[in-house]
Protein chains: 2
Amino acid sequence: MDLLLDLSAARGRRRGIETALRDAVRGGRLLPGATLPSTRTLAADLGVARGTVVAAYAQLVGEGYLAPGPDGHVVRSRSVATTRTGASAVAAPLVDLHPGEPDPTSFPMAAWLAALRRAARDAPADVFAYGDRQGARQLRVALADYLGRARGVVADPDRIVVCSGAVEGLRLLAEVVGGRIAMEDPGLFVHRRVVTRTGATVVPVPVDELGADPTGLDARAAVLTPAHQFPLGMALAPERRLAFVEWARRTGGLVVEDDYDGELRYDRQPVGAVQGLDPEAVVYVGTASKSLGPALRLAWMVLPEHLLEPVLTRIGTSTTVPTLDQLALAELLASHQYERHLRRRRLAYRDRRDQLLAALGPDVEVRGVAAGLCALVVLPTAEHEDRATALAIERRIRLFGLGPNWHGERRFHGVLVGYGRPPAHDLRRSIEVLTELLGDVLAG
Amino acid sequence: MDLLLDLSAARGRRRGIETALRDAVRGGRLLPGATLPSTRTLAADLGVARGTVVAAYAQLVGEGYLAPGPDGHVVRSRSVATTRTGASAVAAPLVDLHPGEPDPTSFPMAAWLAALRRAARDAPADVFAYGDRQGARQLRVALADYLGRARGVVADPDRIVVCSGAVEGLRLLAEVVGGRIAMEDPGLFVHRRVVTRTGATVVPVPVDELGADPTGLDARAAVLTPAHQFPLGMALAPERRLAFVEWARRTGGLVVEDDYDGELRYDRQPVGAVQGLDPEAVVYVGTASKSLGPALRLAWMVLPEHLLEPVLTRIGTSTTVPTLDQLALAELLASHQYERHLRRRRLAYRDRRDQLLAALGPDVEVRGVAAGLCALVVLPTAEHEDRATALAIERRIRLFGLGPNWHGERRFHGVLVGYGRPPAHDLRRSIEVLTELLGDVLAG
């Protein structure tokens with residue numbers, strides 16, 4: 001094919017080729033299914049180095065406009081290209097086992113839209129003025145009721161702060177507390193980065209079979225996942241819960257309880273929040289990211305009194321969370337639709353968990369499956385883990401290794417299987433692809 | 001009246017009284033209109049110091065649960081108490097002239113809800129998974145089209161980053177650029193705080209009648225409001241626009257163009273964006289806070305290429321802006337409803353501006369009324385300004401003085417009249433209350 005590219009618009013040759021190709025796809029001059037010239041041919045036509053074209057194609061594959069095919073690069077269908085792009089995107093995976101994400105197709109869209117409508121109808125005239133920096137009062141009242149009942153949190157609406165995902169909450173807390181902040185090792189690497197970036201120092205706290213251990217801990221705060229340790233999956237043992245609260249009281253330290261999926265427990269009573277033991281020593285952090293969907297960017301903190309003003313001062317004059325969304329969540333909570341949705345999801349995820357375990361069989365060691373959206377499949381060596389993640393990239397399976405979650409030395413190995421993430425209709429295939437990969441890794 | 005208060009729940013006496021009263025109002029035991037016991041009586045009944053009760057009542061007045069009345073404190077109607085509260089709240093003002101806020105009752109609620117519905121219907125299955133950290137592609141495409149057409153911005157969707165209000169954008173930029181950051185003097189004090197809190201150093205740039213002046217400027221970035229200087233209200237003169245771009249090119253500095261209300265210009269052609277002069281030297285920052293409403297928390301930046309990756313890295317793995325809201329704004333932009341709404345609002349605000357000027361008469365000096373939602377009413381001395389803001393508090397008028405917006409010495413004086421903020425039906429009264437206040441200040 002001849003490809004007429006307008007290279008005048010952009011600076012730099014690679015960027016120019018990228019822009020011209022992108023525009024051609026977007027403008028419809030290159031239609032889905034069209035095969036592009038080979039990198040060699042296009043480079044010769046344009047009089048540029050072949051590496052320049054290779055890099056441009058790679059970028060557009062990353063953005064979802066192109067896909068590599070047996071006969072060269074092919075233009076992908078528009079719906080994909082318009083939903084995943086930007087420097088942060090990768091080509092859509094064939095199987096998505098990202099840990100800690102719910103099935104996005106399970107989002108209760110009709111209920112959410114209805115809640116938005118009701119919230120809009122009942123809202124005061126100034127709902128679209130700058131919102132309360134602490135969060136909409138209706139939401140805080142509804143959360144206080146729900147958290148007290150369902151999670152054993154001592155929650156006063158005046159101590160709740162609504163934030164844009166647990167990540168914003170963690171950032172605010174790290175900025176306010178500063179200094180040495182203890183984090184579980186292993187623990188979610190994304191959270192480590194958030195804390196480090198505020199200038200605080202991360203102090204790793206080793207996790208053993210009872211969870212993290214505060215013995216000898218020298219830090220201003222300790223960030224924990226007591227209901228379901230991420231990524232190892234145990235609940236923090238009762239004596240350790242007490243030990244952390246004792247530590248906080250004795251040293252004036254702070255426990256930050258990240259209750260990211262505490263509502264999704266399958267085999268026994270939910271584990272109540274540590275915060276209930278001492279609301280002046282523990283910050284409770286909860287989120288709608290697992291129960292509804294991360295794209296809502298809705299999370300909340302319940303703060304000890306002495307942290308309320310410092311956190312609000314950090315927030316500044318206005319919340320970062322859209323008011324109408326807050327009011328819609330308040331509607332879902334107050335009408336108990338939130339809990340009904342959770343109950344349905346809990347059954348569905350438990351069933352998925354059972355399917356996964358059945359498919360893996362008794363010879364594979366799996367941890368952390370009493371709760372949540374993610375299982376740790378243990379592998380014998382670091383080499384096995386690395387082979388698994390390399391194979392996953394090759395086969396376009398979104399599957400994370402345990403490795404990046406160690407702050408220090410990797411003490412054992414495995415992959416994190418987000419069995420919550422695939423859409424329901426695709427679960428069986430996703431599990432098959434996974435077991436095949438694990439078979440190849442363990443056989444290799 | 002006898003008031004049965006349960007003081008056992010909360011720590012501390014004042015806090016206990018506050019909580020018990022709040023619960024009594026919320027639980028309906030104290031009904032709207034009920035008059036509370038005097039502070040002296042309640043203090044005697046509870047056996048606490050009278051000052052403790054005074055402080056508790058004051059807190060609940062601040063939260064909107066109580067109002068001072070001629071016969072003592074009165075329980076306010078629930079609708080008020082549930083919309084404004086928290087440590088950050090003040091009693092609802094009788095007249096709201098907050099500068100730079102649109103009339104919240106003008107928010108196009110029906111269009112917004114319809115756009116949300118359409119966005120939900122057309123969204124891909126994974127719209128509720130973690131969103132693109134750069135912002136939804138549809139929104140970036142729609143913004144690129146709109147900004148190019150309406151604001152003269154050179155906007156490639158791949159250079160746009162969606163953020164949670166201009167404040168988040170400014171924070172990200174200050175974190176990435178660091179060091180000495182120049183800001184107009186006077187300039188919005190909230191923005192100064194945001195920049196300072198990142199650890200950057202604010203370098204004041206004096207504003208004269210042509211706007212800010214980069215002569216001799218020693219800074220890594222300069223934050224400007226070229227279309228409508230806040231708070232003085234002039235447009236940056238053409239020679240100064242060029243001078244800032246020259247400065248940026250010569251020194252490797254960065255111009256940050258805060259185009260907060262550039263779309264609302266009344267008497268002549270809109271002033272195009274400085275960014276169009278050199279997209280590699282200027283960051284363009286825009287927002288829906290003035291055009292639609294600040295509670296949406298929707299803003300955007302157009303970045304030079306070299307800043308894209310550093311800013312995205314700062315954002316981390318996920319945007320802070322809910323995806324569905326982004327897609328709804330994309331709908332409004334692509335269907336041109338956004339521009340139609342703006343056109344209607346522009347006419348309405350121009351009419352308000354004219355009413356304000358007519359009411360103030362020719363003897364009052366007013367600046368910055370060619371655009372935006374706010375006028376600067378100049379007052380002869382600092383004492384006049386301080387008297388005006390004190391009187392405003394006394395009369396429960398939300399009216400800001402120029403003072404806090406000076407980084408250094410106050411060079412002249414006045415009040416910022418946000419004539420955009422009152423609901424349309426209340427504009428006449430709001431202006432009357434203002435002119436009365438100004439009369440008292442100037443006569444005093």
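This report describes salt bridges in a predicted model.

## Basis

Residue numbers start at 1 in each chain's sequence as written, while chains are lettered from A and ligands numbered from 1 in the order in which they are written. Local features need pLDDT of at least 70 and side-chain atom pairs pLDDT 80 or more, whereas totals for chains, interfaces and linings use all residues; side-chain values use heavy atoms, without hydrogens and water.

## Salt bridges around A:Arg398

Over all chains, the structure holds 60 salt bridges (a side-chain nitrogen of Lys or Arg within 4 Å of a carboxyl oxygen of Asp or Glu). One of them pairs A:Asp96 with A:Arg398, with 2.8 Å between the closest N and O atoms. A:Asp96 belongs to strand β3 (residues 95–96) and A:Arg398 to strand β14 (residues 397–398), so the bridge ties together parts 302 residues apart in sequence. Helices (H or I, at least four residues) and strands (E, at least two) are DSSP runs, numbered from the N terminus.

A:Arg398 also bridges to A:Glu101, at 3.7 Å between the closest N and O atoms. A:Glu101 sits in the loop between β3 and α5 (109–122), so this pair connects parts 297 residues apart.

## Burial

Relative accessible area (1.4 Å probe, protein chains only) defines buried as under 20%, exposed as over 50% and partly exposed as in between. A:Asp96 is buried at 10% and A:Glu101 is buried at 1%, while A:Arg398 is partly exposed at 26%.

## The A:Arg140 pair

A:Arg140 and A:Asp158 form a salt bridge at 4.0 Å, N to O. A:Arg140 lies in helix α6 (residues 137–151), and A:Asp158 in the loop between α6 and β4 (160–163), 18 residues apart. A:Arg140 is buried at 0%, and A:Asp158 is buried at 5%.
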